[in-house]
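Here are my notes from a first pass through this one. Have a look at the structure, then follow the points below.

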Amino acid sequence: MHVVATAGHVDHGKSTLVLALTNIDPDRFAEEKRRGLTIDLGFAWTTLPSGQGVAFVDVPGHVRFLKNMLAGVGAVDACVFVVAATEGWKPQSEEHLRILELLGIQHGVIALTKVGIVDDDHAELARLDVIDHVAGTFLDGAEIVGVDAPTGVGLGGLRLALDRLLTDTPTAADVDRPRLWVDRSFAAAGAGTVVTGTLTGGRLAAGDELVVVNDAGEHQVRVRGLQSLGQSHDALGPGNRTAVNLVGVHHHDVARGAALVRAGQWHRTNTFDASLSVLDALDHTVSRRGAYVAYIGSGEHPVRLRILGPDAIAAGERGLVRLHLPVALPLVPGDRFVLRESGRSETVGGGEVLDVAPALRASKARPDRSVERVVAERGWVDADELERLTGERRAPTVGRWVVDEVRSTTRAERLQAMVNTAGPLGLDVAALDERDRAVLASLDAVMVSGGRAAPAGSGDPLAGHPFVAALAAAPFMPPTADGFGVDRAELRELVRRGLVVEQDGLWFAPSAIDDAAARVGELLRAQPDGVTVADVREALGTTRKWAVPLLNILDARGITRRRDDVRIAGPRLPT
Ligand SMILES: Nc1nc2c(ncn2[C@@H]2O[C@H](COP(=O)(O)OP(=O)(O)OP(=O)(O)O)[C@@H](O)[C@H]2O)c(=O)[nH]1
Ligand SMILES: [Mg+2]
């Protein structure tokens with residue numbers, strides 16, 4: 001399915017042609033019928049000879065309704081460009097062509113209408129005139145089909161030409177980021193709010209939880225149902241004319257220009273940097289002075305303009321600009337816009353969104369589409385955030401971040417140095433910030449164990465701690481930590497690693513416990529009815545001060561068991 005817009009000067013036969021091709025009258029309003037003039041967008045669809053479907057967005061040609069034309073052409077794949085053979089190229093032929101170019105439309109056929117009421121020579125002159133005017137544009141080389149709707153001349157040929165065109169026109173990409181710029185919103189009897197638009201970027205399905213972004217902010221909504229071309233669907237992919245029945249918002253709160261997107265998937269912005277191509281035909285330069293209106297998506301927004309670099313952009317030139325919007329829109333680099341000056345009511349130019357969250361001051365900013373620039377300007381960007389900012393998914397380079405190489409190298413070097421000089425305890429990982437921890441985890445020359453980082457291959461630097469050695473040297477009358485002057489953090493770490501055993505405010509070497517267990521085992525084999533603290537004190541050659549805590553350790557380990565005043569064998573007594 002493709003969506004195709006009509007374009008061309010007022011009264012050149014766009015709506016008549018759509019009706020002739022589809023049997024659906026795109027002029028929906030009584031006033032349109034009475035005046036014989038399209039005022040607002042019209043919608044129709046048909047099946048082409050090959051069987052592929054096509055939906056039309058029929059736009060008004062009158063310059064007064066240009067705003068409506070702009071709301072309809074933003075997301076289409078191609079156009080049927082209409083020029084009446086009777087009148088030939090006219091001002092809105094020119095303006096519509098420029099607008100389609102600025103919006104990045106790349107495919108189209110040309111219908112030379114009303115050939116039935118001019119002679120062949122006249123029609124041929126009109127054709128040559130059209131060829132001249134489209135030279136160098138995306139319509140250069142496009143098929144030109146002479147048609148006359150009332151008599152049916154050329155309609156079959158136009159259908160075939162459209163078929164060929166659309167076969168060569170890529171369908172809208174699916175990047176799993178659906179966005180629907182709303183071009184209509186109304187209440188359907190019994191169904192509530194319905195919004196319509198041309199869906200791009202991804203699929204929508206019944207039940208989806210979405211947000212409507214409008215001037216007032218975000219409304220959470222749920223998709224109750226979907227329709228395309230009069231048919232209900234459970235889900236619809238990008239490139240479809242789509243009517244969405246929404247729960248959670250009144251139709252008055254969703255106007256043309258609003259966007260329907262998934263929550264959290266888009267960066268909403270009031271400010272963006274963009275390219276601006278100024279039209280050749282403009283008779284003045286473009287500077288920040290002027291009352292500008294930007295057409296983005298299906299909306300019209302007054303904007304403030306700042307030229308990046310020079311003060312002005314000359315006609316026919318391309319420059320860089322920063323635009324300030326009155327609303328925060330879900331935009332992404334690559335989006336197109338058209339800029340008009342409301343005072344003079346003229347189309348100034350248009351361009352491509354390059355940066356939806358400019359990080360640099362206007363005097364420094366030199367935006368382009370590169371993801372690397374976005375990363376370099378920030379240093380660290382969360383991978384999800386980077387996708388919102390650029391529309392592109394990049395694998396995180398450190399933790400959950402995509403990190404500028406210079407920054408990550410600097411941080412890695414700093415952390416390696418911190419680890420290397422951290423001393424026997426190693427570096428306390430918990431004391432680092434999230435980014436440092438992520439960098440640390442990526443360092444090959446660092447080993448993290450028990451929340452401490454040490455140079456890889458260094459073994460356990462605490463194993464050789466002098467207190468450990470001192471405890472082992474005097475197993476049953478060991479020195480106290482205070483007396484030995486051991487740092488509290490080191491002591492906690494020694495205990496945590498099992499290099500030191502703490503009991504009742506005293507400290508022992510692990511080997512002392514094993515030794516005590518063996519000796520108490522021997523005693524108990526001789527005195528199975530039980531041994532007293534005094535027996536153990538003597539056997540170990542120590543005093544009560546250490547014998548009691550040692551026995552408490554043995555009790556806790558199940559080596560001994562306390563019964564009245566004596567210890568008897570526990571379940572784990574070594575044999
Ligand atoms: N003879 C002849 N008349 C045509 C043809 N196409 C359109 N007309 C007539 O031209 C007039 C304008 O046609 P529309 O289809 O309303 O023109 P339009 O381009 O849609 O006009 P806007 O939407 O207002 O820009 C109508 O009276 C049509 O009947 C054609 O191919 N041959
Ligand atoms: Mg019309």
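1. Let's begin with a histidine. The side chain of His 12 reaches the backbone nitrogen of Ala 84 at 3.0 Å. Keep in mind that this is a predicted model. The His 12 side chain also makes a polar contact with the side chain of Glu 87, at 2.7 Å.

2. Where does His 12 lie? You'll find His 12 in the loop between strand 1 (2-7) and helix 1. Its relative accessibility is 1%, and the cut-off for buried is under 20%, so His 12 counts as buried.

3. On to the metal. Which residues coordinate the magnesium ion (ligand 2)? The donors are OG of Ser 15 and OG1 of Thr 38, at 1.9 to 2.0 Å. Ser 15 sits in helix 1 (residues 14-22), while Thr 38 belongs to the loop between helix 2 (30-35) and strand 2 (42-47), so this pair ties together parts that are 23 residues apart in sequence.

4. Are these two residues buried or exposed? Ser 15 is buried, with 13% relative accessibility. Thr 38 is buried as well, its relative accessible area being 8%.

5. What pairs with strand 21? One partner is strand 18 (residues 292-296), which pairs with strand 21 in the antiparallel sense over five bridges. If you want a landmark there, Ala 294 has Leu 339 of strand 21 as its bridge partner. Strand 22 (residues 346-355) also runs antiparallel to strand 21, and six bridges join the two.

6. Strand 21 and strand 22 form a hairpin with four residues between the strands. In this hairpin, Ser 345 takes a positive phi near 50°.

7. Last, the surface. Which residues form the nonpolar patch with about 290 Å² of accessible area together? They are Leu 125, Leu 128 and Ile 131. To find Ile 131, go to helix 5 (residues 120-134).

Technical notes. Residues numbered from 1 in each chain as written. Chains lettered and ligands numbered in written order. Predicted model: local features only at pLDDT ≥ 70, side-chain atom pairs only at ≥ 80, totals over all residues. Heavy atoms only, no water. Pairing = 2+ DSSP bridges. Donors = N, O, S within 2.8 Å, 3.2 Å for Na, K, Ca; no water. Buried < 20%, exposed > 50% of the residue type's maximum accessible area, 1.4 Å probe, protein only. Patch = residues over 30% accessible without salt bridge, like charges linked within 9 Å, V, L, I, M, F, W, Y side chains within 5 Å. Areas by Shrake-Rupley, 256 points an atom, 1.4 Å probe, with all protein chains shown as cover. Salt bridge = Lys/Arg side-chain N within 4 Å of Asp/Glu carboxyl O. Polar contact = N/O pair within 3.5 Å; in protein donor to acceptor, adjacent residues only side chain to side chain.
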